[in-house]
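This briefing covers a helix pair and a set of salt bridges. The sequence and structure are shown first.

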Amino acid sequence: MRRKPRIPPSPLPQRDGVDPVRIRLPHAGSWATVREHLVERLAAEAGVIDGMLGDGLIVGADGLPVRSDAVYVPGMFVWFHREPPDEEQVPFPLDVVYRDEHIVVADKPHFLATTPRGSHVVETALARLRRELGIPTIGAAHRLDRLTAGIVLFTVRPQERGAYQSLFRDKRIGKEYEAVAPYDPELALPRTLRSRILKERGVMAAREIEGEPNAVSRVELLGHRGRLGRYRLTPSTGQTHQLRVHMNALGVPILGDPLYPVVTGPVPVGDFRYPLQLLARSLEFTDPVTGREHRFVSGRLLEAWSSYEDWAAPAPSPPYAGRDQ
C-alpha cells in the first residue's frame with residue numbers, strides 16, 4: 001500500500017488571511033513540463049500560466065520560482081496565490097464571543113461565508129479572523145451556510161483541528177437554531193423529521209429522495225404573531241441545507257430563502273436586503289482538549305421577528321449600511 005506523502009510546509013505566506021493554492025503533480029500522466037500540466041489542470045489559457053511562471057508567482061517546496069521549462073516530476077508540490085475575485089464587502093461585524101489558546105468562537109453575520117470558496121475568498125469569516133486576530137493558523141471546525149448567521153467554532157492549532165471536527169462527526173455537540181417562517185395552525189409540532197437529502201454538485205438546491213434517512217431535525221414552535229412563527233430547530237445530523245429543506249417540506253419555508261421552495265434569480269452584488277431568517281443560536285460541547293464544558297450563544301436577533309417592517313422594507317442607499325441584520 002502506497003504511503004501517504006508528507007506535505008511540506010507552504011513556502012508562501014498567507015495573503016489577506018487566505019492560504020496559497022497547493023497542487024501536487026500526479027504520478028500518472030504524460031506531461032513533459034510542469035507548465036503543460038498546469039495549463040491543462042487549471043483550465044487556464046496558456047498565456048495566464050506563462051505570465052505567472054514568468055513573474056515567479058509559482059514556486060516549489062524550496063520557495064524558488066518554477067521555471068517555464070521545468071521538467072515534470074511526479075509527486076512534486078507547487079504553490080501560488082490566485083488573483084482574488086472582486087468581492088463586495090459584507091458590511092456587518094464578525095463578533096468574537098470566546099477565545100483561548102485552542103479555539104475561537106465567532107458570531108457570524110448573514111451574507112458572510114465561513115471559509116473561502118468560489119467567489120467568496122477574502123470576504124469570509126476565516127480570512128477576517130486571521131487578519132483581525134493576527135493568527136494565521138486559525139481553521140474552521142465546521143461551516144455555516146453563507147446566508148445563515150450565528151455561532152461558528154474555529155480552531156487555533158492545526159494539530160488539534162481534527163479533535164474538534166470529530167465533535168460534529170461523532171454527534172457529540174449540541175446545536176440549536178432559530179428560524180422565522182410562516183405560521184400554520186394546522187401544523188402539529190413539535191415534530192422530528194427524518195429523510196434522505198441529496199445535494200448534487202452544480203445544483204443549487206438540495207432535494208429529498210427515497211432511501212435510508214441521512215438527515216434528522218426536530219422542529220418546535222416557540223411562538224407566533226399573526227401569520228409569522230418563531231421556531232427552534234435542533235438537527236442531529238449535518239446535511240447541506242438540511243434545516244431549510246425540512247422547513248420547506250413542512251410547508252413553512254424560512255423567510256428570505258432564495259432556494260426553497262423555488263430557486264429565484266441571482267441577487268445583485270451588494271444587495272443585503274431580506275437576510276435568511278435562520279440563526280445558529282447555540283453550540284454546547286465538552287472541549288476534547290481541555291475537558292471544559294462550553295455553551296456559546298449568539299447575541300443576534302432575527303429581524304423579521306423583532307421588526308418585520310424593517311426586515312421587509314426596501315433598502316436604504318447604500319443598502320443596510322452599518323446594520324447587522
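Which residue forms a salt bridge with D145? In this predicted model, the partner is R244, with the closest N and O atoms 3.3 Å apart.

- D145 sits in the loop between β5 (139-140) and β6 (149-155) and R244 in helix α5 (residues 242-249), so their pairing ties together parts 99 residues apart in sequence.
- D145 is partly exposed at 26% relative accessibility, whereas R244 is buried at 3%.
- E178 and R281 meet through their side chains in a salt bridge of 3.0 Å, N to O.
- Because E178 belongs to strand β7 (residues 173-182) and R281 to strand β12 (residues 278-286), this pair ties together parts 103 residues apart in sequence.
- E178 counts as buried at 10% relative accessibility, and R281 is buried with a relative accessible area of 14%.

**Other salt bridges**
- R169 and D170 form a salt bridge, their closest N and O atoms being 3.0 Å apart.
- D170 is partly exposed at 39% relative accessibility, while R169 is exposed at 61%.
- A network of salt bridges links E176, R218, E220 and R232.

**Helix pair α1 and α2**
- Helix α1 (residues 34-41) and helix α2 (residues 46-54) have axes that come within 9 Å and cross at roughly 130°, which makes α1 oblique to α2.
- Their crossing is right-handed.
- R35, L38 and V39 of α1 make the contact with A46, I49, D50 and L53 of α2.
- Five of the contact residues are nonpolar, two are charged and none is polar.

Key:
Residues numbered from 1 in each chain as written. Predicted model: local features only at pLDDT ≥ 70, side-chain atom pairs only at ≥ 80, totals over all residues. Heavy atoms only, no water. Axes fitted to C-alpha atoms, helices over the stretch in contact; angles between N-to-C directions. Helix = DSSP H or I, 4+ residues; strand = E, 2+ residues; numbered from the N terminus. Parallel < 35°, antiparallel > 145°, perpendicular 65-115°, else oblique. Left-handed = near helix turned anticlockwise from the far one by under 90°. Contact = heavy atoms within 4.5 Å. Nonpolar A, V, L, I, M, F, W, Y, C, P; charged D, E, K, R; others polar. Salt bridge = Lys/Arg side-chain N within 4 Å of Asp/Glu carboxyl O. Buried < 20%, exposed > 50% of the residue type's maximum accessible area, 1.4 Å probe, protein only.
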